[in-house]
Amino acid sequence: MSSLFLTSPKPCNIFANINNNNGRTYNNNNNNSYINSLLNCSKNSLVSASIAAALSFTLQLPSPLSIAADSPPFRQPSSSSSSSSSVEDCREDELVAQLGLSAPNMVTNEGIVEEAWEIVNDSFLYTGRDRWSPESWLHKKEDILSSSIKTRSKAHNIVQKMLASLGDPYTRFLSPEEFSKMARYDMTGIGINLREMPDSNGSFKLKVLGLVLDGPANTAGIRQGDEILSVDGEDVRGKSAFEVSSKLQGPSETFVIVEVKHGNCGPVQSVKVQRQLVARPPVFCRLEQIDNGATSVGYVRLKEFNSLARKDIVTAMKRLQDLGASCFVLDLRDNYGGLVQAGIEIAKLFLNKGETVIYTAGRDLSQNAVVSESAPLVIAPVMVLVNHNTASASEIVASALHDNCKAVLVGEKTYGKGLIQSVFELHDGSGVVVTVGKYVTPGHSDINGNGIEPDFSNIPRWSKVTEYLSTCNLSKQR
């Protein structure tokens, strides 16, 4: 299929000045996140935003059921920096500090097993296997808890076996060490992980869940548990963690001003943080001339959906349009996925306002639509290259463009990874990854286990692509 691109012109040099600093960065865990969730009476602390709401399991994890929903409204706090926190919150913080509470010792081994059982019972999406039913799951709980569990390692082993019995390769147990690494996946480039936390007003606050030790934010004075109020002077209260993470990104060695509120009752401080280069640029582009120079084709290869993907795609597409590209090839071959929200945002670049990007379906099997909110960046015909390794977020983009008649798919049937996982923290710092939903294409096809069939196995002429898309649009209008 590479025969379309016979020449080797100089690639678009779009990354010389946008070496953003994002990627997989981890740090050590502590008990603060557990204590905060306990004091907020949250039994199961869902790792949200940049983990549960933004990551997808090819190797990462999403919870797009929360992505599909609008962010809850935000109500401005009063002028006092501490007025949004109750006196009880402050007293609880002081009590925790005085007593030196240790999270792992505050829950029994049986309690850990029962907690994991209840998460599955409440959230697990049955995907058609014969191994699970509510009745058999209840019997399993009764059998497991009929005798005492002597050690924490035994409790973890029981949870592992209990989840394995579901027959779902994506539902699994995370040790405290594994959960700590996942919970501090850095999408911001300054070494922090953000989390949407409910507040007493029925809205939410954006707080620092984890810090990279000796990372830029940690060195500058940002602390775990800080609330993010603004980025470079822009109020970010009420915005999603993914959206704010994107605002924190920028060229390596540049600075970002982050206004934070320390803890529930601490002072507000503006912190100047220098960004670092972590994530690799995922986009390669070049301009190709075909038909004896009569047609300019913009070729864009997207290697993974990391935190730089949307920005780099926008830059590449604009650059290629400025160079005269009249049609585009988006190469998603061997792209296993990554950040699901990045895939959704990239798909929106090609769709009209109101068009469906993807549907998510949960336990009740009702389908929730994720739709585009603005006009497309690109209106030219698009050819999307796919193969058997095109998976997860890549399949979301491919199906969104295909089913909305914006692109033809060329190559091989895709992988077929369309399940949604959420990550839940247990009260001893361990966690469970549970399949809670699935993706359904705009054309109402189930991606998981099926994949997406291409329109052409070999690269067609552009006249054929234009004809195909025209016919598709006419059919959609009827």
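A: Helix α13 (residues 462-477) lies across β9, β10 (295-302), β11, β14 and β15, where contact means heavy atoms within 4.5 Å. Helices (H or I, at least four residues) and strands (E, at least two) are DSSP runs numbered from the N terminus. This is a predicted model, where local features need pLDDT of at least 70, side-chain atom pairs count only at pLDDT 80 or more, and totals for chains, interfaces and linings use all residues. Residues are numbered from 1 along each chain as its sequence is written, and side-chain values use heavy atoms, with hydrogens and water left out.

Q: What angle does α13 make with β14?
A: About 100 degrees. Axes are lines fitted to C-alpha atoms, for helices over the stretch in contact, and angles run from 0 to 180 degrees between N-to-C directions.

Q: And in what order do the five strands of the sheet come?
A: The order is β9-β10-β11-β14-β15, in an open sheet with mixed pairing. Two strands pair if DSSP finds at least two bridges between them. β9 (283-290) and β15 (407-411) each have a single partner strand, so one side of each lacks a neighbour in the sheet. From one strand to the next, the twist averages 20 degrees.

Q: How many bridges join β11 to β14?
A: Four, between residues 327-331 and residues 382-386, and the two strands run parallel. Leu330 stands opposite Val384 of β14.

Q: Switching to helices. How do α4 and α6 cross?
A: The axes of α4 (residues 109-123) and α6 (residues 152-164) come within 8 Å and cross at roughly 20 degrees. α4 and α6 are therefore roughly parallel; angles under 35 degrees count as roughly parallel, over 145 as roughly antiparallel, 65 to 115 as roughly perpendicular and the rest as oblique.

Q: Which residues make that contact between α4 and α6?
A: Among them are Ile112, Ala116 and Trp117 of α4, with Ala155, Ile158 and Met162 of α6.

Q: What about α4 and α5?
A: Their axes come within 11 Å and cross at roughly 180 degrees, so α4 and α5 are roughly antiparallel.

Q: Which residue does Glu114 form a salt bridge with?
A: Lys141, with the closest N and O atoms 3.3 Å apart. A salt bridge is a side-chain nitrogen of Lys or Arg within 4 Å of a carboxyl oxygen of Asp or Glu. Glu114 is in α4 and Lys141 in α5 (residues 134-144), 27 residues apart.

Q: How many salt bridges are in the whole structure?
A: The search finds 15.
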